[in-house]
Structures are given as C-alpha cells and as structure tokens.
Amino acid sequence: MIVYMVSHVVVKAVSVAIRKVKGGYGVFIDDKKNGKIQRTKKGNIRMKNIKTHKSLAKAKKHMAAVMIGKGGG
C-alpha cells in the first residue's frame, strides 16, 4: 500500500505492509538510511519489521497508526 503525502511542494511515499512471519504477523515499513530509501540488489525497496503481533487485527491497527503518524491516513 503506497500513500502519497503532499506538504508544500514535497511529495513523499510511505510504504507499509503486513506479512505473515514466525510468531504472528509483522508490520513492515521502508528501510531508510540518511533520509533515503534503501534498495536491494534487484532494485526492490528494502523493508524492515518494526513489530510482530500475534493477531492480524492488532497488526492492522498498528499499521493504521503508523500511516496516520506519517501523515498518510
């Protein structure tokens, strides 16, 4: 899910995903270093797991909170 935010003239993309991982459901966001989105060798956006939840409902609530915090919801 990609959400575009507009503030003044700057447009930013926030990518958030939920994936099934060992122990439940993981909430993944873009991996950034020095303000730039990191890429894999294949060119895909590198994602990092910020939290693993036991239930899908809790993971979805966390994902919504992250999107609102980033200004995309």
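The largest nonpolar core holds 7 residues: Val16, Val27, Ile29, Ala59, Met63, Val66 and Met67. A nonpolar core is a set of buried Ala, Val, Leu, Ile, Met, Phe, Trp, Tyr and Cys residues joined through side-chain atoms within 4.5 Å. Buried means under 20% relative accessible area, exposed means over 50%, and partly exposed lies in between (1.4 Å probe, protein chains only). Two elements, strand 3 (24-30) and helix 1 (56-70), each give two or more residues to this core. Helix 1 supplies the largest share, 4 residues. Helices (H or I, at least four residues) and strands (E, at least two) are DSSP runs, numbered from the N terminus.

The model is predicted: local features need pLDDT of at least 70, side-chain atom pairs count only at pLDDT 80 or more, and totals for chains, interfaces and linings use all residues. Residues are numbered from 1 along each chain as its sequence is written, and side-chain values use heavy atoms, with hydrogens and water left out.

Helix 1 has 15 residues, which should span 21 Å at 1.5 Å a residue. The expected span is 1.5 Å times one less than the number of residues. The end C-alpha atoms of helix 1 are 21 Å apart, which agrees. Ala59, Met63, Val66 and Met67 are buried in helix 1. They cover an arc of only 95° around the axis, so they lie on the same side of helix 1. The arc is that of the directions from the helix axis to the C-beta atoms. Lys58, Lys61, Ile68 and Gly69 are exposed on the other side of helix 1.

Ile50 belongs to strand 6 (residues 47-53). Its relative accessibility is 36%, so Ile50 counts as partly exposed. Leaving aside neighbours within four places in sequence, Ile50 is in contact (heavy atoms within 4.5 Å) with Val27, Ile29, His62 and Val66. Ile50 and Asp30 are 20 residues apart in sequence, and their C-alpha atoms are 9.9 Å apart in space.

The charged end of Arg19 sits over the ring of Phe28, 4.8 Å from its centre. Lys20 lies over the face of Tyr25, 4.6 Å from the ring centre. A charge sits over a ring if NZ of Lys or CZ of Arg is within 6 Å of the ring centre and within 35 degrees of the ring normal.

Asn34 lies in the loop between strand 4 (32-33) and strand 5 (36-37). Asn34 is exposed, with a relative accessible area of 78%. Although not a glycine, Asn34 has a positive phi of about 55°. Most residues other than glycine have a negative phi.
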